[in-house]
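Please open the model in a viewer and keep the sequence at hand.

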Amino acid sequence: KNRVILAMDKYIPLEILSEIESEVYGLKIGLPLVLDLGLEKVRNLVKEVNIEEIIVDFKLADIGYVMKSVVEKMLFADSFIAHSFIGVKGSLDELKSYLDEKGKGLYLVASMSHSGWNNSFLSYIKEVIKEINPKGIVIGATKTDLISSFKREFSSIKIISPGVGVQGANYGDAICAGADFEIIGRSIYTAKDPVNQLKSINKIIEDRVMNCKGRVPK
Ligand code: BMP
């Protein structure tokens, strides 16, 4: 089972992407990529690849109307990431019902990977997540305890986890703690040979998961 979501914040040529597609679960499209290539080229690139889930990550944080105006231009994706601190009424509620209507998924940011993220809003963020009931949440791989506690509290919500590799978390840590997928960007796309790099990462994760099984919270 593929456990990696490739964070594409920089352009990766189609020849490489087509070798990568069978090795990843998902592709996360970042704002830098869209600003570099333009929307049309991103749309065409996505059309050419065969990857289970295409996630657009602009970390939306706005009123409902504006967030809808963004996602309606990107309905080639399967799902979208938004912040949760923006709250429900007039914002996430409108985005969620729009995405539901279009058959698209929503991920909410629960806790970011960088050291300066302030977890004092965590109980509020949990309230928002409960109310919105998104397809998934984003929790930094650098915070494995939080991953486990969210997994226990929100067992049906998928956890995707960035911060692996360049940002310091070890491959497989987040999954052992209960995450469903690890989001990995620079460690793959800046590698000399991204395809083989990804294959070795997958192997490390697989070995790690074998050894942590049983301890992965259900
Ligand atoms: P990298 O593996 O190159 O560090 O990339 C991590 C990816 O995950 C980036 O696309 C970034 O936007 C995203 N991300 C993160 O690093 N921390 C978070 O808390 C949330 C994120 O979405």
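Select Lys28, Asp57 and Lys59 first: a network of salt bridges links these residues. A salt bridge here is a side-chain nitrogen of Lys or Arg within 4 Å of a carboxyl oxygen of Asp or Glu. This is a predicted model, in which local features need pLDDT of at least 70 and side-chain atom pairs count only at pLDDT 80 or more, while totals for chains, interfaces and linings use all residues. Residues are numbered from 1 along each chain as its sequence is written, and side-chain values use heavy atoms, with hydrogens and water left out.

Asp57 belongs to strand E3 (residues 53-60) and Lys28 to strand E2 (residues 26-30), so the pair ties together parts that are 29 residues apart in sequence. Helices (H or I, at least four residues) and strands (E, at least two) are DSSP runs, numbered from the N terminus. Are Asp57 and Lys28 buried or exposed? Both Asp57 and Lys28 are buried. Buried means under 20% relative accessible area, exposed over 50%, and partly exposed in between (1.4 Å probe, protein chains only).

Of the 15 residues around the ligand, Asp9, Lys28, Lys59, Ser113 and Arg186 come nearest; a residue counts as near when one of its heavy atoms lies within 4 Å.

- Asp57: a polar side-chain atom lies 3.3 Å from an oxygen atom of the ligand.
- Ser113: a backbone N or O atom lies 2.7 Å from an oxygen atom of the ligand.
- Gln167: an N or O atom in the side chain is 2.8 Å from an oxygen atom of the ligand.

On its own the ligand has 480 Å² of accessible area, of which the protein covers 89%. Accessible areas come from the Shrake-Rupley method with a 1.4 Å probe; for residues, only the protein chains shown count as cover.

Move on to Glu153. Its side chain meets that of Lys126 in a salt bridge (3.0 Å, N to O). Lys126 lies in helix H6 (residues 122-132) and Glu153 in helix H7 (residues 144-153), so this pair ties together parts that are 27 residues apart in sequence. The side chains of Glu153 and Lys130 also meet in a salt bridge, at 3.2 Å, N to O. Lys130 is in helix H6, so the pair with Glu153 in helix H7 joins parts 23 residues apart in sequence. Colour these residues by accessibility: Lys126 counts as buried at 16%, Glu153 as partly exposed at 39%, and Lys130 as exposed at 52%.

Now select Ile63, Tyr65 and Val66, which form a nonpolar patch on the surface with about 300 Å² of accessible area together. Tyr65 sits in helix H4 (residues 64-71) and counts as exposed at 59% relative accessibility.

Finally, zoom out to the whole chain. The protein chain has 10 helices and 8 strands, and the structure holds 12 salt bridges. Of its 218 residues, 54% count as buried. Along its principal axes the C-alpha trace spans about 45 × 45 × 30 Å.

Conventions:
Patch = residues over 30% accessible without salt bridge, like charges linked within 9 Å, V, L, I, M, F, W, Y side chains within 5 Å. Polar contact = N/O pair within 3.5 Å; in protein donor to acceptor, adjacent residues only side chain to side chain.
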